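Thanks for coming. I will take a few minutes on one structure, starting with its inner spaces and ending with some of its side chains.

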Amino acid sequence: MSTVERPSESPSVLDRALRLVGDVRPGEGKSALALAATLFTLLSAYYLLKVARETLVLSRYDAEVKVYVAAAEVVVLVPTVAAYGWLADRVGRFRLVTSVTLFFASNLALFAVLHAFGVPIAIPFYVWVGVFNVFVIAQLWAFANDVYDEARGRRLFAVIGLGGSLGAIAGSYGAGGVGSLLGTQGLLLAPIAMLLATVFGAWWVNEHPLTRTSVLRAPHSHKGALSLLLSDRWLVLVALMMLLLNCENTIGEYVLDRVMQADIRADLVRASGHVVDALLEARVREFKANYFGAFNTVGFLLQLVVAGRVMQRGGAGAAVLVLPLVALLGQIGMLASGAALAFVAIGKVAENSVDYSIQSTGRNALFLVTPSETKYKVKVLIDSIIVRMGDVLAGGLVVVAAGALGYPPLFFIGVSAVLTVGWLAVAVAVWREHDRRARAQKAALREAS
């Protein structure tokens, strides 16, 4: 049974300091900071792994291969989500977080050993990182959703998200230094210790949570995640929104990778008359580390200054409207520039900075109005299989339009713009229904008290 952290009569120094980011009230600072620190560590580890993944794949294969491999993640995710749902029905939230995190840490140790012995791991490692991302990060946000009710999460998720933004910056820029010093092997080993640290953070929060109402604490029904999803029209809309978001983002990343590879190879040919694999790998690693660092830095500033205010004034539903608007403006700029690398990179930096700040805070807070069972099962289903189905759609488009028909990057930018218009329409519907449910939950809490 969890203990209750009772707010003090006056805010502590920590509470007052965190008010720069969100509406932190007396006694809430410690748990919010602990979750933020845990998310910081997890996102730092993820970006070390992400740079390693991009380096291994893009230095050996064309940009199209990356899209195809991302789509293949769905094959792995289907049985993994089913196993996760089975485990979620049988263990408490801390044991769930711990067992899944330790499982992925052991996988990473195996990859590090194989890479040290020269075994080709680029393709399986790319799939693994995609699965790791959607499970471990989605799981931690589900855990945060289970700690707070909607009113408190609406105020504190901006603080928690700030930890993720800082962690993404640290991992992105740290990957450049670690990669230069220890190579790709160092990027595989360092995250193991970081994952173990996140287990301690989850334990601390689990042992010292804030008061949580019993209104949403219905017992698990043992229904499958898909059954829970299909039984709720609003959850279907959330799933569709995430499908369109990821399809558009994957196409955009493909355009960036394709334009980047062409520019780097042209530079190397101009400099030496041919492409040297070692130089190509170094240039790709440098570009990706700087790219990730750039959008994560902007994302941190947005999280620090904007995300909390959007959440407090409009809630999670309003927050998810920002990203499609920014993405659409970026696509207009890319089209106007003729898909020049600088404009594509700027557009994707703008889009991803909003995605990893305001959008991340908002979409993760959407589940504050759902039962505990939905937070773990349906959220993981959406963040894994549904999101990766967006990769499948994007991969199919690349196979036909790039592989078979040879269409240029401008075509894919145009397709992204069309998808974004549909995504925006779905986000509006999600916003309206979420606002209704948040008001209903608030009324239920008042009656229960």
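A helix here is a DSSP run of H or I with at least four residues, and helices are numbered from the N terminus. The model is a predicted one.

Let me begin with the cavities. The structure holds 4 cavities of 30 Å³ or more. The largest cavity contains about 820 Å³ of space. Its lining is made up of 43 residues, and those closest to the centre are Tyr 46, Lys 50, Asn 133, Asn 246 and Tyr 356.

Which helices supply that lining? At least two residues each come from α2 (29–58), α3 (63–88), α5 (122–147), α6 (150–207), α8 (233–272), α9 (277–319), α11 (341–365) and α12 (372–404). Helix α8 gives the most, with 8 residues. By class, the lining of the largest cavity has 19 nonpolar, 11 polar and 13 charged residues.

Now the second largest cavity, which has about 50 Å³ of space. The residues lining the second largest cavity are Thr 38, Leu 42, Val 97, Thr 101, Val 136, Gln 139, Leu 140 and Thr 198. Helices α2, α4 (93–116) and α5 each contribute at least two residues to this lining. The largest share, 3 residues, is from α5. Its classes are 4 nonpolar and 4 polar, with no charged residues.

Back to one residue at the largest cavity. Lys 50 is among the residues closest to the centre of that cavity, and its place is in helix α2. Is Lys 50 buried or exposed? The cut-off for buried is under 20% relative accessible area; Lys 50 has 9% relative accessibility, so it counts as buried. Leaving aside neighbours within four places in sequence, Lys 50 is in contact with Phe 292 and Tyr 356. Tyr 356 is also one of the residues closest to the centre of the largest cavity.

Next, the aromatic rings. A pair of aromatic rings is described by the distance of the centres and the angle of the planes. In the pair of Tyr 46 and Phe 132, the ring centres are 6.5 Å apart and the planes are at 25°, so the pair is stacked. Because Tyr 46 lies in helix α2 and Phe 132 in helix α5, this pair ties together parts that are 86 residues apart in sequence. Tyr 46 and Phe 132 are both buried.

The other pair is Trp 128 with Phe 132, also stacked, at 5.3 Å centre to centre and 20° between the planes. Trp 128 and Phe 132 are 4 residues apart in helix α5, so about one helical turn separates them. Both of these residues are buried.

A ring can also sit under a charge. The charged end of Arg 53 sits over the ring of Tyr 126, 4.3 Å from the ring centre.

Last, a point about the backbone. Most residues other than glycine have a negative phi. Ala 339 is not a glycine, yet its phi is positive, at about 65°. Where is Ala 339 found? It is in the loop between α10 (322–337) and α11. With 10% relative accessibility, Ala 339 counts as buried.

That is the end of my part.

Definitions and conventions:
Residues are numbered from 1 along each chain as its sequence is written. This is a predicted model: local features need pLDDT of at least 70, side-chain atom pairs count only at pLDDT 80 or more; totals for chains, interfaces and linings use all residues. Side-chain values use heavy atoms; hydrogens and water are left out. On a 1 Å grid over the protein atoms alone, a cavity is a set of points where a 1.4 Å probe fits but cannot get out, and a pocket is an open set with protein on both sides within 12 Å along at least five of seven lines; lining residues have an atom within 4 Å of a point. Grid points are joined across faces, edges and corners, and a volume is the space filled by probe spheres set on the points. Ala, Val, Leu, Ile, Met, Phe, Trp, Tyr, Cys and Pro count as nonpolar, Asp, Glu, Lys and Arg as charged, and the others, Gly among them, as polar. Buried means under 20% relative accessible area, exposed over 50%, partly exposed in between (1.4 Å probe, protein chains only). Contact means heavy atoms within 4.5 Å. Rings of Phe, Tyr and Trp (its six-membered ring) pair if their centres lie within 6.5 Å; planes under 30 degrees apart count as stacked, over 60 as edge-to-face and the rest as tilted. A charge sits over a ring if NZ of Lys or CZ of Arg is within 6 Å of the ring centre and within 35 degrees of the ring normal.
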